Amino acid sequence: MGKHNTPMLDELEKGPWPSFVSDIKQQVANGKHVLKEAPDDLLGVMELSYVDKVTHWKHGGIVGVFGYGGGIIGRYCDQPQMFPGVAHFHTVRVNQPSSKFYTAKYLRELCDLWERHGSGLTNMHGSTGDIVFLGTTTDHLEPLFFEMTHELNQDLGGSGSNLRTPECCLGQSRCEFACYDTQEACDNLTHEYQDELHRPAFPYKFKFKFDGCPNGCVASIARSDMSFIGTWRDNIRIDQAAVKAYVGGEFAPNAGAYSGRDWGKFDIQKEVVDLCPTGCMRWDGSKLEINDKECVRCMHCLNVMPRALRKGLDTGVSILFGAKAPILEGAQMSTLTVPFLKMESPFSEAKDLVEKVWDWWMEEGKNRERLGELIQRKTFQEFLRVCELDPDPRMVDEPRSNPYIFWKEEEVEGGWTRDIDAFRAKHQR
Amino acid sequence: MPYDPSEPLKDRITDIGPRHYGEFLPPVIKKNKGKWLYHEILQPGVLVHVAESGDKVFSVRVGGCRLMSVEHLREICDIADKYCDGYLRFTTRNNIEFLLADESKLKPLVDDLKSRKFSGGSNKFPVGGTGAGVTNIVHTQGWAHCHTPAIDASGVVKAVMDAIYDEFDHMKLPAPVRVSLACCLNMCGAVHCSDIAILGIHRKPPMVDGEWIDKLCELPLAIAACPTGAIKPAKTADGKKSLEVKAERCMFCGNCYTMCAAMPLADEVGSGIAILVGGKLSNRISKPKFSKVVIPFIPNEPPRWPSTVAAVKNIIDVYSKDAHKYERLGDWAERIGWERFFEKTNIPFTHHLIDDYRFAYTTWRQSTQFKF
Ligand code: HEM
Ligand code: HEM
Ligand code: HEM
Ligand code: SF4
Ligand code: SF4
Ligand code: SF4
Ligand code: SF4
């Protein structure tokens, strides 16, 4: 059937987990993709890598659609004679709708488009969140973009030193923990910043991600320069009858998430009250009390008893800045900068903050310096001045332990200009 | 009105962004958005969410290969049409969720999904990935599409998931275990906060293609790309401008190769896998934390990476037996102490595991509290 012999890859057809090899083979056999040889040659070049234990792809090349500086990743095979079907194999990043809901009708339109203009292979989805069309040639890019914008009303995502495609958790669409409308926030900011997304003008990449609550399902705290994480500042709503139902065994704790093992009878003291990181809960055998002032909204008790405990009603976001993967200075998670902000359409305050931060980063950032690295280099204090925020103990785990404070002249009474003669008048040399 | 290559800019549409999510929400979700009361996992992979109105939406979660053909996508669409009025979604971790309001179609949907197999016998739509178990492994491109990988991505994921499949369709671990894979240090997938991270690493400094380097690359950019300052200008024997790598300074990051194609570093024995454990993202009970390197190197073993698979399985098995309920892998390791972690998992502790990069001392033990 296939044009290449792939004994190594064939080993990956066995076993229970879905096999991408079998899937590519079914595309080879039945697909109507325009680049006839592409899936077949992808299997071929991967088999060669399995034998050689080294990749056979080369970086880069100037590819893109006119007027955009991102959205297409150029890729060439280093054995084009052996694998002509993937000699040029560029990917197209297609901006996914908020939290990746689809209708079958729309997905089919995307499939048709991609079969007309590429390999018929995709990533659902890339790590940033985009729909990724995997592998096409340069001549297909403009027609694909034209048809995608005209017929599907759909745009590309970001790549390069620009705003990357923002991503959100499913939020209020199907999650009782969501503290704001992550989908709307993500969609709104994506549309607001189309220019920044398509035309690289930043020192490096910049990512927004929107988590509806501190459970963090899109990993914003680890993966985004600006992380929006839902939270609340009033009280957890308690349904005491439902608490009793959990204690009495009528409701499955953790919504059943631990039901595959016999962990014994649910013990509210041991499993909830004692595990609360702040020790702010009390259970007296009939009533659950929470000292909400001390709660840090870790989500544990809500996760265990979703039917009894609900987030508060005065909800918004905490905004954290500066996460990045380890290259170069080591991995960083985002740092809490705005403890609480209301997060309602049209999100003006959040956008003001975004723009202040971008202006500073574009002014001060070195080439390929992520925001988190710039904050380290220029100091968090400087960053707070840029954001026009007052320092707050919530921003640190603990105060500094070294006293090497870089005092500013204007902070010291009388300034720094002194008279050595006046000093000498009192102190001999 | 198709694209006209002679007038590429005619009627051009740009900057329209993504489609609005509102077009794709099932009616029951549109109606109850923001008014969900609670959820319950009915069986591994099957959830019900209940709204204040009493409405319910059922979600059936199935694992997906993120490298997916349009043939497969069309089959997903057909299933969504048959049972779900055409509605579905994908999760952050590359799972597919079929969404339906009509409970009577739930069992037929699950049975149908479980019955579909690929030609080689693997499940097309494994149902699971919820609760205290292992869900899909997020991963990057590997040998399918990238120029800097040390390892393949899809193949390693397939081999590992086959071996721990039992944890995908059960919920019997002490807490969720999130496994992630990135095929080089760049970590496009940002795996650095995972319970278990499988990371491709190189161990040989880049070669310098002296004949070509000055033609292919901007030499100063390659020099500037190196985080450790290991690259300096040089000349080849016949006087061509070139670069030289101070090998003992190289941290094998591959930045120079991204900048300059004349400095390849992947190697059949030099490149392989490191395993990191104990990271987490959620704020539940303990704060988010980074994963830590516990196995510095495992050789590349295509097609099924048996040593890597065994290492991951061993860590999960020991954790599963030893940890308390609700304890994430990293919380468990911290409670018992890392010295115990190595003892219990039988993983040798080597000098590679002691940090010697920037801020290294923050991970050294500055106390006399330790366990014998
Ligand atoms: C110096 C550092 C980095 C380099 C040189 C680099 C390079 C690349 C390249 C060449 C690709 C294209 C892969 C392909 O499709 O062929 C890519 C994809 C990607 N990168 Fe990076 N990257 C770096 C850091 C990062 C970091 C830190 C992140 C995230 C925090 C990231 C996120 C992504 C994502 C999401 C993709 C999409 C591909 C996928 O989904 O697998 N990258 N990167
Ligand atoms: C000339 C055409 C080139 C194109 C079209 C191109 C395209 C790309 C793309 C699409 C990525 C993936 C970034 C991502 O979205 O994750 C990438 C990564 C990268 N490329 Fe190129 N590249 C080209 C040339 C170069 C050159 C000449 C250099 C260096 C001198 C370079 C350095 C890099 C670096 C440092 C990254 C990682 C950037 C990141 O992490 O975002 N590229 N390139
Ligand atoms: C640049 C910073 C520092 C300088 C210039 C400095 C200088 C000194 C000097 C000159 C003395 C002797 C005082 C005397 O007996 O007349 C001293 C004592 C001492 N310093 Fe520092 N020191 C510094 C930082 C530190 C730090 C960071 C620590 C501890 C974390 C420290 C701990 C001590 C201790 C324990 C003594 C002995 C005190 C005693 O015996 O009463 N020093 N330091
Ligand atoms: S981050 Fe919170 S609100 Fe969003 S899906 Fe996860 S649990 Fe729900
Ligand atoms: S959310 Fe966390 S900190 Fe707050 S009461 Fe519940 S367990 Fe305690
Ligand atoms: S992790 Fe590294 S090798 Fe893998 S896709 Fe990203 S840049 Fe390429
Ligand atoms: S691999 Fe990294 S550390 Fe080594 S020479 Fe290249 S850029 Fe420098």
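Reply: Let us start with a term: a residue is buried if its relative accessible area is under 20%, exposed if over 50%, and partly exposed in between, with a 1.4 Å probe and protein chains only. The model is predicted, so local features need pLDDT of at least 70 and side-chain atom pairs count only at pLDDT 80 or more, while totals for chains, interfaces and linings use all residues. Residues are numbered from 1 along each chain as its sequence is written, chains are lettered from A and ligands numbered from 1 in the order in which they are written, and side-chain values use heavy atoms, with hydrogens and water left out.

Me: Why is A:Lys100 called buried?

Reply: The relative accessible area of A:Lys100 is 2%, and the limit for buried is under 20%, so A:Lys100 counts as buried. A:Lys100 sits in the loop between strand E4 (90-94) and strand E5 (101-103) of chain A, where helices (H or I, at least four residues) and strands (E, at least two) are DSSP runs numbered from the N terminus. Its phi is near 60°, a positive value in a residue other than glycine.

Me: What makes A:Ala255 count as buried?

Reply: A:Ala255 has 2% relative accessibility, and therefore it counts as buried. Its place is in the loop between helix H9 (240-247) and helix H10 (268-273) of chain A, and A:Ala255 has a positive phi of about 55° although it is not a glycine.

Me: Why is the pair of A:Trp17 and B:Phe168 called edge-to-face?

Reply: The structure holds 37 aromatic pairs over all chains. Rings of Phe, Tyr and Trp (its six-membered ring) pair if their centres lie within 6.5 Å, and planes under 30 degrees apart count as stacked, over 60 as edge-to-face and the rest as tilted. The ring centres of A:Trp17 and B:Phe168 are 4.9 Å apart and the planes are at 85°, so this pair is edge-to-face. A:Trp17 lies in the loop between helix H1 (7-10) and helix H2 (20-30) of chain A, and B:Phe168 in helix H5 (residues 165-168) of chain B, so the pair joins two chains. Both A:Trp17 and B:Phe168 are buried.

Me: What makes the pair of A:Phe202 and A:Trp361 tilted?

Reply: For A:Phe202 and A:Trp361 the centres are 5.1 Å apart and the planes are at 45°, so the pair is tilted. This pair links distant parts of the chain, with A:Phe202 in the loop between helix H7 (194-198) and strand E9 (208-211) of chain A and A:Trp361 in helix H12 (residues 348-364) of chain A, 159 residues apart. A:Phe202 counts as buried at 9% relative accessibility, and A:Trp361 counts as buried at 0%.
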